[in-house]
Amino acid sequence: MSPTATAENGNVRSSHEAAGSIFDIGNSDFLKMLERPRTINVERKRSFDERSFSEMSNIEHLEYMSSSVLNTMTPKSCYDSHLMVSDAWETLRRSVVHFRGQPVGTLAAVDSSVEQLNYDQVFVRDFVPSALAFLMNGEEEIVKNFLLKTLRLQSWEKIVDEFKLGAGVMPASFKVEHDQVRNNDTITADFGESAIGRVAPVDSGFWWIIMLRAYTKSTGDSSLAELPECQNGIRLILSLCLSEGFDTFPTLLCADGCCMIDRRMGVYGYPIEIQALFFMALRCACFLLKQDDVGKEFVERITDRLHALSFHMRSYFWLDLKQLNDIYRYKTEEYPHTAVNKFNVMPDSLPDWVFDFMPSRGGYFIGNVSPARMDFRWFCLGNCVAILSSLATPEQSAAIMDLIEERWDELVGEMPLKICYPTIEGHEYRIVTGCDPKNTKWSYHNGGSWPVLLWLLTAACIKTGRPLIARRAIDLTESRLSKDHWPEYYDGKSGRFIGKQARKFQTWSIAGYLVAKMMMDDPSHLGMISLEEDKQMKPLIKRSASWTC
């Protein structure tokens with residue numbers, strides 16, 4: 001393998017420079033909305049800073065929020081934080097993979113103390129926080145190369161057990177191998193045939209589209225997205241998702257293990273992570289597609305799907321105290337169109353834990369909704385992406401933040417953040433996971449704590465005007481993560497223990513921390529990964545019962 005980059009960390013661009021390339025003021029419905037200030041009851045939420053990000057319509061306000069949060073740090077904590085950032089950048093650069101002299105991604109981990117398995121590959125979903133970190137630091141080349149390289153891999157013929165996959169499927173990962181004798185690099189891609197469950201990665205294509213938009217917003221350069229190859233790649237991904245079939249729902253039907261939770265964990269059906277990423281990718285595609293005849297046709301199909309998807313998710317996936325009480329009182333076997341219990345969910349199937357978990361003020365998108373089945377587990381990634389994509393209404397976004405604050409010990413604990421809550425154990429664990437030795441209770445995907453999720457929480461906090469939640473989570477992370485050598489995940493009900501099979505020097509743990517720090521230092525970076533509310537998609541449901549003015 002070619003030598004990795006060892007250059008020192010470049011200077012982060014100033015707030016004014018970043019704002020010019022990230023926010024398109026003329027096209028931002030969100031920023032226009034901010035010109036109309038609204039009254040906020042600050043006492044209602046402990047995490048509200050003096051001003052909400054949602055009220056900030058110019059860069060001075062962004063700088064205010066950054067400085068007000070940083071002023072709460074002691075000189076020693078600032079010094080320790082600076083050392084941790086330096087260590088993170090040094091380790092991140094060691095993970096950079098080169099193909100024929102060009103940086104094309106980052107390894108999943110650089111832990112030489114254990115067997116590499118597939119951690120010596122470049123994973124699409126793992127590279128997302130690395131891509132954002134490099135973009136925020138003004139290093140666009142590696143992100144551009146990654147996008148083009150994975151796009152070329154998409155064009156490969158993909159056959160698993162003599163079955164040909166759809167043309168739009170993006171790889172889960174790829175590996176660069178260097179032939180020392182011939183001095184030549186080759187790439188091997190995995191489209192799911194080498195995955196633990198042999199499942200194609202549904203999320204890879206969505207993350208690719210999201211990264212392409214982030215690159216375009218960060219650099220102000222639309223020439224990459226406008227390349228015929230990129231336009232065709234977007235359309236191929238969308239064709240897989242927008243094709244007509246037997247589904248009566250606008251959500252995507254998926255197999256278990258098709259996303260970040262890539263092992264059997266009962267997320268088959270319509271998992272929140274995929275639906276939120278699907279929604280965000282559709283909105284990003286509208287921004288990226290050229291307005292030619294073919295592009296306009298796709299935009300029309302996207303718009304129709306977005307309207308149906310937003311209504312479905314906001315209506316049927318949303319859970320707060322009032323909705324929980326309604327489900328508790330559901331009648332069953334309702335056939336007419338006037339049915340309230342549209343999915344024929346049995347009230348007796350409500351888990352006991354959800355009644356104690358649901359606070360008086362707060363709510364979230366549950367894990368899954370399908371005929372006669374609701375998965376009431378909390379999934380961090382799906383809910384944070386719902387906020388960033390504006391799948392969640394402003395009221396629902398605030399309620400999600402309320403829930404995190406009210407259930408801090410359960411969802412954050414001693415190391416951010418729980419990938420899902422609660423754990424499954426006993427007979428349910430044996431049935432759902434198939435007795436998976438890696439997904440034992442409060443471990444790995446079964447209620448483990450994943451530091452990479454810190455960047456998603458931070459972005460959601462900034463967007464909703466709750467930076468102190470992010471600051472508190474970052475402080476917890478800084479107390480241990482670097483000292484523990486950047487583990488992949490933590491185990492235990494509160495995330496106290498390094499995961500029993502966790503790799504050290506996990507790249508997305510490192511990059512997730514860096515992205516969170518850079519967004520707090522310069523909140524204008526949020527524009528890369530956040531989408532403002534589409535005024536044409538007016539919510540078709542009433543305000544959440546957990547919201548009070």
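This is a predicted model: local features need pLDDT of at least 70, side-chain atom pairs count only at pLDDT 80 or more; totals for chains, interfaces and linings use all residues.

Me: What makes F357 and Y421 a stacked pair?

Reply: Two values decide that. Their rings are 5.1 Å apart, centre to centre, and rings pair if their centres lie within 6.5 Å. The planes are 25 degrees apart, and planes under 30 degrees apart count as stacked, so F357 and Y421 form a stacked pair. The pair also links distant parts of the chain, with F357 in helix α12 and Y421 in strand β13, 64 residues apart.

Me: Is Y421 buried or exposed, and how do you know?

Reply: Y421 has a relative accessibility of 12%; the limit for buried is under 20%, so Y421 is buried. F357 and Y421 also belong to one aromatic cluster, together with W353, Y364, W378 and W442.

Me: How many aromatic pairs does the structure hold, and why is the pair of F249 and Y270 edge-to-face?

Reply: There are 21 aromatic pairs in the structure. For F249 and Y270, the ring centres are 5.6 Å apart and the planes stand at 75 degrees. Planes over 60 degrees apart count as edge-to-face, so that is the label for this pair. Both residues lie in the loop between α8 and α9, so the pair ties together parts that are 21 residues apart in sequence. Y270 is buried too, at a relative accessible area of 6%.

Me: What makes K438 a charge over the ring of Y444?

Reply: K438 lies over the face of Y444, at 4.3 Å from the ring centre, and the distance limit is within 6 Å. Another such case is R213, whose charged end sits over the ring of F287, 5.6 Å from its centre.

Me: How do you know that the length of α18 agrees with a helix?

Reply: At 1.5 Å a residue, the 12 residues of α18 should span 16 Å, and the end C-alpha atoms are 16 Å apart, so the two agree. Among the buried residues of α18 are P467, I469 and A470.

Me: What is the volume of the largest pocket, and which element gives the most to its lining?

Reply: The volume is about 950 Å³. Of the 39 residues that line this pocket, the closest to its centre are L240, C241, S243, L252 and L253. Helix α8 gives the most to the lining, with four residues. By class, the lining has 23 nonpolar, eight polar and eight charged residues.

Note on methods: Residues are numbered from 1 along each chain as its sequence is written. Side-chain values use heavy atoms; hydrogens and water are left out. On a 1 Å grid over the protein atoms alone, a cavity is a set of points where a 1.4 Å probe fits but cannot get out, and a pocket is an open set with protein on both sides within 12 Å along at least five of seven lines; lining residues have an atom within 4 Å of a point. Grid points are joined across faces, edges and corners, and a volume is the space filled by probe spheres set on the points. Helices (H or I, at least four residues) and strands (E, at least two) are DSSP runs, numbered from the N terminus. Ala, Val, Leu, Ile, Met, Phe, Trp, Tyr, Cys and Pro count as nonpolar, Asp, Glu, Lys and Arg as charged, and the others, Gly among them, as polar. The expected span of a helix is 1.5 Å times one less than its number of residues. Buried means under 20% relative accessible area, exposed over 50%, partly exposed in between (1.4 Å probe, protein chains only). Rings of Phe, Tyr and Trp (its six-membered ring) pair if their centres lie within 6.5 Å; planes under 30 degrees apart count as stacked, over 60 as edge-to-face and the rest as tilted. A charge sits over a ring if NZ of Lys or CZ of Arg is within 6 Å of the ring centre and within 35 degrees of the ring normal.
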